[in-house]
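Subject: Structure handover

Hello,

Here is the structure I promised you. Please open it first, then read my notes below.

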Amino acid sequence: DGAGGGGGGEAQDGRSDDRRGARAVWEIFLLGAPGLDFDLVEERRRRVSAAEAVRALYVAVTRPRERLVLAGSWPGHRDAPPPDRAKSLLDLLESREGKRTDLEAFFDAAREGREGTSRDEGGARWFFPALEAPAPPVRTDALPPSGDLLPRARRAAKELARARESARERMVRPYQGTASERSHEVLRELLADAAPEGETEPGELDFAARSQALREIALAAGTAVHHALERFDLAALPERELERQRGLLAAHLATFLPPGRVEEVRADADRVLAGLAGSKILARLREIAPRVLGREVPVLLPGDENEGPVGVRVGTLDLLYEDPADGSLVVADYKTDSAPTPADIEERARAYAPQGATYLAAVRRALGESRAVRFELWFLAADRIELVATG
């Protein structure tokens with residue numbers, strides 16, 4: 001706002017108070033009629049508003065360090081109102097003490113060319129922008145021939161169209177995504193291909209609904225298994241620790257599942273943990289226990305420039321360890337889904353390859369490691385470890 005802006009408004013909520021000394025008087029409008037002392041309240045409100053305008057002007061003119069510029073529609077010969085009746089900061093400036101500059105005469109002289117458009121007077125520089133000479137017209141003879149401009153304009157239009165299309169494609173991409181997002185898309189395609197054709201029997205859920213219900217149970221059971229393996233005491237006897245973790249399943253599931261779903265999910269998770277007894281995977285976990293660097297390690301990576309999320313990718317390393325055989329770093333990802341045949345395992349390994357590449361990039365970026373890093377899938381139900389990627 002320039003100096004002609006209002007210096008402060010008066011509240012019109014129909015309610016105010018007048019604090020005179022220690023006594024406060026409240027007044028209201030009742031059915032459109034003000035209380036008997038409302039004139040006193042309004043007078044105080046006017047004084048407060050005038051004082052606030054003076055304070056605002058003081059702050060404005062004392063804040064600059066080098067130069068103060070005031071812009072406004074400056075009046076002519078009219079008399080300035082008293083400070084407590086000022087309607088704007090300009091009114092307050094005009095009511096200041098001391099000789100005021102005759103701006104109307106100055107403007108006439110500048111307009112007629114008898115003076116310049118600026119004048120130093122009263123400790124300030126006065127300037128009329130409207131009287132400045134207009135900018136010189138553009139010389140058409142300095143422009144390149146129209147035949148040269150047309151190809152350049154067409155190229156610029158094509159570049160702008162490409163930039164707009166790229167911007168539209170970028171806008172529909174999410175800001176955040178998961179490291180396993182692409183792998184899950186591939187797995188959903190595999191499940192869709194496996195869906196039976198034809199109609200279901202009357203009264204039965206269709207295949208998609210049954211598959212969704214099973215996936216929800218498997219997802220919750222997988223979360224519980226991951227939680228148990230994260231807290232698995234690698235120094236304890238494995239069979240005894242397995243029993244302890246199985247006994248904790250119900251309590252953990254109750255923290256995020258409704259009571260009616262706990263038992264069916266617990267039974268699913270319990271089967272996975274029970275199957276680890278005497279397994280090669282549990283033996284491997286105990287073997288690398290001294291070399292485990294982290295379990296359930298969160299990772300954060302910048303988004304991709306060309307596809308996927310534009311901001312960040314997030315994920316969790318189920319297990320990060322140093323291979324005791326060759327010293328390489330290994331990211332292991334637990335899989336609790338059923339993969340009964342070698343062909344099933346190989347198919348899932350191909351699907352999870354993008355997730356593995358993301359995790360390997362996260363490890364190299366975080367640790368600055370030059371040594372080899374590899375990504376493994378630990379299929380708990382099948383008791384098999386599958387190497388997916390190295391880097």
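Which residues form one aromatic cluster? They are Tyr321, Tyr334 and Trp378. A search of the whole structure finds three aromatic pairs. Rings of Phe, Tyr and Trp (its six-membered ring) pair if their centres lie within 6.5 Å.

Before you go on, note that this is a predicted model: local features need pLDDT of at least 70, side-chain atom pairs need 80 or more, and totals for chains, interfaces and linings use all residues. Numbering starts from 1 along each chain as its sequence is written, and side-chain values use heavy atoms, without hydrogens and water.

Next, the cavity. On a 1 Å grid over the protein atoms alone, a cavity is a set of points where a 1.4 Å probe fits but cannot get out. There is one cavity of 30 Å³ or more.

Ser279 sits in the loop between helix H9 (259–274) and helix H10 (280–287). Helices are DSSP runs (H or I) of at least four residues. Ser279 is buried (under 20% relative accessible area), at 6%. A polar atom of its side chain lies 3.1 Å from the backbone nitrogen of Leu282.

Best wishes

Key. Helix = DSSP H or I, 4+ residues; strand = E, 2+ residues; numbered from the N terminus. Buried < 20%, exposed > 50% of the residue type's maximum accessible area, 1.4 Å probe, protein only. Polar contact = N/O pair within 3.5 Å; in protein donor to acceptor, adjacent residues only side chain to side chain. Phe/Tyr/Trp six-rings, centres within 6.5 Å; stacked < 30°, edge-to-face > 60°. 1 Å grid on protein atoms, 1.4 Å probe; cavity = no way out; pocket = protein on both sides within 12 Å on 5 of 7 lines; lining within 4 Å. Points joined across faces, edges and corners; volume = space filled by probe spheres on them.
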